[in-house]
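Open the model in your viewer and keep the selection tool at hand. The stops below follow in order.

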2 protein chains.
Amino acid sequence: MDFKIIDNGVIAPKGFKTNGVKKGKYGVGIIYSEKDCVAAATFTTNKVVAHPVNLSKEILKNNRNKIKAIVANSGNANCFTKNGYYDAKEMIKETAKLLNVPENSVLVASTGVIGRKMPMDTIISKINEAYSKLLKESSNSNTVKAIMTTDRFPKTIAVEFEVNGKTVRIGGITKGAGMIAPDMLHATMLCFITTDIAINSSDLTKSLQNAVDKSFNNAVVDGDTSTNDTVFALANGESGVKYSECAELFDKALTYVCTELAKMIVMDGEGSTKLMEVCVKGCASKEDAVKASKSIVRSLLVKTALYGGDPNWGRITAAVGYSGVEMDMDKMDVLISNFDKETYLVKDGIPIADEGTKELELAEEIMQNDKIKIVVDLKLGNYENTSYGCDLGHDYVKLNSEYTT
Amino acid sequence: MDFKIIDNGVIAPKGFKTNGVKKGKYGVGIIYSEKDCVAAATFTTNKVVAHPVNLSKEILKNNRNKIKAIVANSGNANCFTKNGYYDAKEMIKETAKLLNVPENSVLVASTGVIGRKMPMDTIISKINEAYSKLLKESSNSNTVKAIMTTDRFPKTIAVEFEVNGKTVRIGGITKGAGMIAPDMLHATMLCFITTDIAINSSDLTKSLQNAVDKSFNNAVVDGDTSTNDTVFALANGESGVKYSECAELFDKALTYVCTELAKMIVMDGEGSTKLMEVCVKGCASKEDAVKASKSIVRSLLVKTALYGGDPNWGRITAAVGYSGVEMDMDKMDVLISNFDKETYLVKDGIPIADEGTKELELAEEIMQNDKIKIVVDLKLGNYENTSYGCDLGHDYVKLNSEYTT
């Protein structure tokens, strides 16, 4: 890797502060930059949209080069709420007042239950608490915890790399539990990225969109987006390094940060014990590659087979078959690997791993690993895509994971 | 209802015999008609297709007015198998020889594991056993059990109605466990329908397709079809009643039979305790109505809310929002009912059932019932569709069912 993993998440880059508070059902986190930030964002594509999403979109439209802060709450999604737009405004107003920054420099995000009035007294008091804590010290971990809902563990990462003797940092936090990922992430995915690179908003937007497509959109978000899904990226230029000096490396590092955060969401499933990386190549189009790889990681039968350590590759081929992509079952290869050993299960449409074969034995051994790679080659073109998914554990799945054994 | 529910499934109509055998992993069932039958079928749309599906398609293409029997096995799907086409032929050959009927008058279906050689010795010996039993007596229940795989209970129904003093009967059996329905039914759905009406193949095909669209395709099969999904309908004319004498009533009765069988599959989920009937109306197109209603019954969050008895209607609106249909969240109504009491949750885009309201209280009461109806009105057009789904139970879902409580 051309970059190093470091601590402190969103406060790893220079010039950012953060803190948060969580008590009971509700939490609030604030991220603050002393300097103006260039901002980029990606949002849910759901037609039912939460008020903070609409409001943040407005702010970014008018003021995307002078963003100072993000305020986010957990416990209530502020979606399908009569007065919700004004409640989201109120959150911004209070945060802006405390930080002494313009109201149109604060972005807002919410996660939690849909259709219930925002408990504004509680939220406002928690904004004040988070601010008081932030005044005293910064704590990336408090902010991560403040925005968690059904998450079992906090999710954060940061990286740094050198450019002409200067250090560029990118940090991120995310929340969202991939319990039944990827279908599940209408449990809202929030992700906040900070960086001290100097970049304009069009480059940051492009780099973020690319990173999100390769990471969150391949693991969790996609069509099954929540009403609140939000990724914000803030760049304050404090590193003294320009994007033009290291565009490729920055894109790579941002994609890495997003991919690692997305994998953490996928792994945060109740009972999930294994991660699968599914690459479908040889596709006739990029769309086909995306469809087929997502179809596999979504398949409840593939997920239960993964849990059961059962190389039931028929389920993989079936998931490609019903994904709607161009394919010829008599051409396809299916290979699995544990990043050490690998074996074909199907080669040129011929089943390799039938009962009693050494390939099936090896496949069974590979399936015991907690990280599995599945490669499907359709041999119809040059497009490929990689998606991330987890297994499906517990009693609930007993029936399926034991089906072929 | 204009028809009566009766016993004996596929042997309720005159002139049909059946029996089956299941021991250990493998089972075989045979359905036989003394007279030639007109036949219709619907098959999986999966591009990975099992050999029995291809073979049965061929037979129906050439001989759809002279079908005499169906032979079906459980335990192996005969899909992605090198020699599978010949194995399926072998099953037909053996059955035809025993029944003394032409080989091209026997349809074949399989369900079970994909990608494993058919254990032909076992299957052939079970075909012989099933035939010997059928010679002695008919047993609908043996045949249902013979084709079960992960099913927890046998699924069968029959109806009869009078036309000009004569009795028409329709009987059906099905297998398939909707454990995680509807996504799950790449666990293969097989359904065999018999009737003693006199009907030509084009009318039977049309009537069956209509019935399957309204039933199985709204509950289970859809895009996530298995490699083996098969519905066969056989009509032998023994009632002496012509389809033209009672077309509307026959269509209705056949749709009823298929819908009841589809609901049984949906209910056969591990831990599933509740059935939901979801009608989305006021849609701009039929496609939108289908997409939106299926999106709701598929939503793992709606399913877990149903299990938890939690009227978390935000999840319903979100599932419509990400289904991709034309909609305006400020217009929509959402209503739930237990077929006795009902209440709006959202009316003209305004949340009705907020905390502390009597509507939320009533909604909570309604959600305790084991059969729930959800009606969503998008108020954009005249198209509607009804889909069927079940809740998602067990430990596995604890986290989500308790999320708002």
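**Stop 1: a buried threonine**

Select A:Thr188 in this predicted model and show what surrounds it: leaving aside residues up to four places away in sequence, A:Thr188 touches A:Ser110, A:Thr111, A:Lys175, A:Gly176, A:Ser226, A:Asn228 and A:Asp229. A:Thr188 lies in the loop between strand E7 (166-175) and strand E8 (190-195) of chain A. Its relative accessibility is 3%, so A:Thr188 counts as buried, the cut-off being under 20%. An unreviewed UniProt entry puts the feature "active site" at A:Thr188.

**Stop 2: two positive phi values**

Most residues other than glycine have a negative phi. Go to A:Asn164, in the loop between strand E6 (155-163) and E7 of chain A. A:Asn164 is not a glycine, yet its phi is positive, about 50 degrees. With 66% relative accessibility, A:Asn164 counts as exposed.

Now switch to chain B and select B:Phe80, in the loop between strand E4 (67-76) and helix H2 (84-99). Phi of B:Phe80 is also positive, near 55 degrees. Is B:Phe80 buried or exposed? B:Phe80 is buried, at a relative accessible area of 3%.

**Stop 3: a helix pair**

Back in chain A, select helix H5 (residues 201-214) and helix H7 (residues 247-267), which pack at about 40 degrees with their axes 8 Å apart. That angle makes H5(A) oblique to H7(A), and the crossing is right-handed. To view the contact, show A:Leu204, A:Ser207, A:Leu208, A:Asn210, A:Ala211 and A:Lys214 from H5(A) against A:Phe250, A:Asp251, A:Leu254, A:Thr255, A:Cys258 and A:Thr259 from H7(A). Coloured by type, the residues of this contact divide into six nonpolar, four polar and two charged.

Key. Residues are numbered from 1 along each chain as its sequence is written. Chains are lettered from A and ligands numbered from 1 in the order in which they are written. This is a predicted model: local features need pLDDT of at least 70, side-chain atom pairs count only at pLDDT 80 or more; totals for chains, interfaces and linings use all residues. Side-chain values use heavy atoms; hydrogens and water are left out. Axes are lines fitted to C-alpha atoms, for helices over the stretch in contact, and angles run from 0 to 180 degrees between N-to-C directions. Helices (H or I, at least four residues) and strands (E, at least two) are DSSP runs, numbered from the N terminus. Angles under 35 degrees count as roughly parallel, over 145 as roughly antiparallel, 65 to 115 as roughly perpendicular and the rest as oblique. A crossing is left-handed if the near helix is turned anticlockwise from the far one by less than a right angle, and right-handed if clockwise. Contact means heavy atoms within 4.5 Å. Ala, Val, Leu, Ile, Met, Phe, Trp, Tyr, Cys and Pro count as nonpolar, Asp, Glu, Lys and Arg as charged, and the others, Gly among them, as polar. UniProt positions are given in the numbering used here, feature names are shortened, and annotations may be inferred rather than shown by experiment. Buried means under 20% relative accessible area, exposed over 50%, partly exposed in between (1.4 Å probe, protein chains only).
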